[in-house]
Amino acid sequence: MCSWWVPSMGRSQDGLFQIAEKQAIREDSFKGILKMLRYDDLQVFVHTSDSGSLSAAARQLEISPAVASAALKRLESELEVRLFARSTRSLRLTPEGDAFLLHARASLRSLEEGRRLLQGGKDQIAGVLQLSAPSDFGRNLLLPWLDEFQARYPQLSLRLLLGDRVTDLYRQPVDVAIRYGAPADSSLVALPLAPDNRRVLCAAPGYLAERGEPR
C-alpha cells in the first residue's frame, strides 16, 4: 500500500498547499527578476547556502563580511523576500530561499558557460569569411593561398566568389573584395596587396595592324 504524507509542523494541509502555491507563483516570476540581479550577489547567496555561514562565504569569495552582508541584503531587497532565517548562532534558508536557490545556481552556471565561450572565442578565428576576387586572380593565385589559410584556421569557413564585375559590398554578402586598381567608391577602405605590380601587354604584329595599338 502506497501513501503520501507531510509533517504537520503545526500547520494544516490547507496551509501547506497555500505555501506551495505561493512558491510556484514566485518561481514563475524569478526569470523576470533575474534580469536585474547582480552576479556577485548571487555568488554570495549560493556560497552562504553551501557553507551555512556568511563569514565563510565571504572568505571563499575573498571579500569582507560587511560586503557579503550588503550583497545579501541587496538581493533580498530586489526579490522582496527573506532568503535566510537568521539567529545569533545559525543561518538557514527560508522556504523562499530554498525555492530560489535552484534558479540562482542555474543562472551562475549559465553566466560562467557564457564567459568561457567568449574567452575561448578570443583565442581562435572562427565563423564565415566571404571573399570576392577576379576570375583569373582567384583561380591562378588565390586558391593555393586559401588552402594554406584554411589549414591554419580550420574553424573558419571560406566562401569564394569569382567574377570580374565590381562588387557592391553594401548589397552583396561580401566581407572582402580583391580588385585591380583603385576603388571608385571613396568610402571603402582599400589596402594595396601588390603596389609594385607591373604587367606587360603583348600582341602579334598582325593583330596590331588590324586592330591598332591600345591606348
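## Pocket lining

By class, the lining of the second largest pocket has ten nonpolar, no polar and no charged residues. Ala, Val, Leu, Ile, Met, Phe, Trp, Tyr, Cys and Pro count as nonpolar, Asp, Glu, Lys and Arg as charged, and the others, Gly among them, as polar. The lining consists of Leu129, Leu131, Phe137, Leu142, Trp145, Leu146, Phe149, Val176, Ile178 and Leu193. The pocket holds about 160 Å³ of space. A pocket is an open set of points on a 1 Å grid over the protein atoms alone, where a 1.4 Å probe fits and protein lies on both sides within 12 Å along at least five of seven lines. Lining residues have an atom within 4 Å of a point. Grid points are joined across faces, edges and corners, and the volume is the space filled by probe spheres set on the points.

Helix α6 gives the most to this lining, with five residues. Both β3 (127–133) and α6 (135–152) supply at least two residues each. Helices (H or I, at least four residues) and strands (E, at least two) are DSSP runs, numbered from the N terminus.

## Model and fold

This is a predicted model; local features need pLDDT of at least 70, side-chain atom pairs count only at pLDDT 80 or more, and totals for chains, interfaces and linings use all residues. Residues are numbered from 1 along each chain as its sequence is written, and side-chain values use heavy atoms, with hydrogens and water left out.

The protein has seven helices and five strands. Along the sequence they follow the pattern α-α-α-α-β-β-α-β-α-β-β-α. Of its 215 residues, 22% count as buried. Buried means under 20% relative accessible area, exposed over 50%, and partly exposed in between (1.4 Å probe, protein chains only). The exposed surface comes to about 16,500 Å², with 54% supplied by carbon and sulfur atoms. These areas come from the Shrake-Rupley method with a 1.4 Å probe; for residues, only the protein chains shown count as cover. Among contacts (heavy atoms within 4.5 Å) with a separation of 6 or more, residues 24 or more positions apart account for 59%.

## Nonpolar cores

The largest nonpolar core has 15 residues, and Leu42, Phe45, Leu75, Leu79, Leu83 and Phe100 touch the most other members. The elements giving two or more residues to this core are α2 (39–51), α4 (65–79) and α5 (95–122). Helix α5 provides the largest share, four residues. A nonpolar core is a set of buried Ala, Val, Leu, Ile, Met, Phe, Trp, Tyr and Cys residues joined through side-chain atoms within 4.5 Å.

Neighbours within four places in sequence aside, Phe45 is in contact with Leu72, Leu75, Leu83, Phe84, Leu93, Gly97, Phe100, Leu101 and Ala104. A second, separate core has six residues, including Leu131, Phe137, Leu146 and Ile178.

## Helix packing

The buried residues of α3 are Ala56, Ala57 and Ala58. They pack against α2 and α4. Gln43 sits in helix α2 and is partly exposed, with a relative accessible area of 22%. Its C-alpha atom is separated by 8.8 Å from that of Ala57, 14 residues apart along the chain. Beyond its neighbours within four places in sequence, Gln43 is in contact with Leu61 and Leu108.

Ala99 lies in helix α5. At 12% relative accessibility, Ala99 counts as buried. The C-alpha atoms of Ala99 and Leu83 are separated by 9.3 Å, with the two residues 16 apart along the chain.

## Positive phi

Glu62 has a phi near 60 degrees, a positive value in a residue other than glycine. Its place is in the loop between α3 (54–61) and α4, just after α3. Glu62 is exposed, with a relative accessible area of 75%.

Glu80 also is not a glycine, and has a positive phi of about 60 degrees. This residue lies in the loop between α4 and β1 (84–86). Glu80 counts as exposed at 70% relative accessibility.
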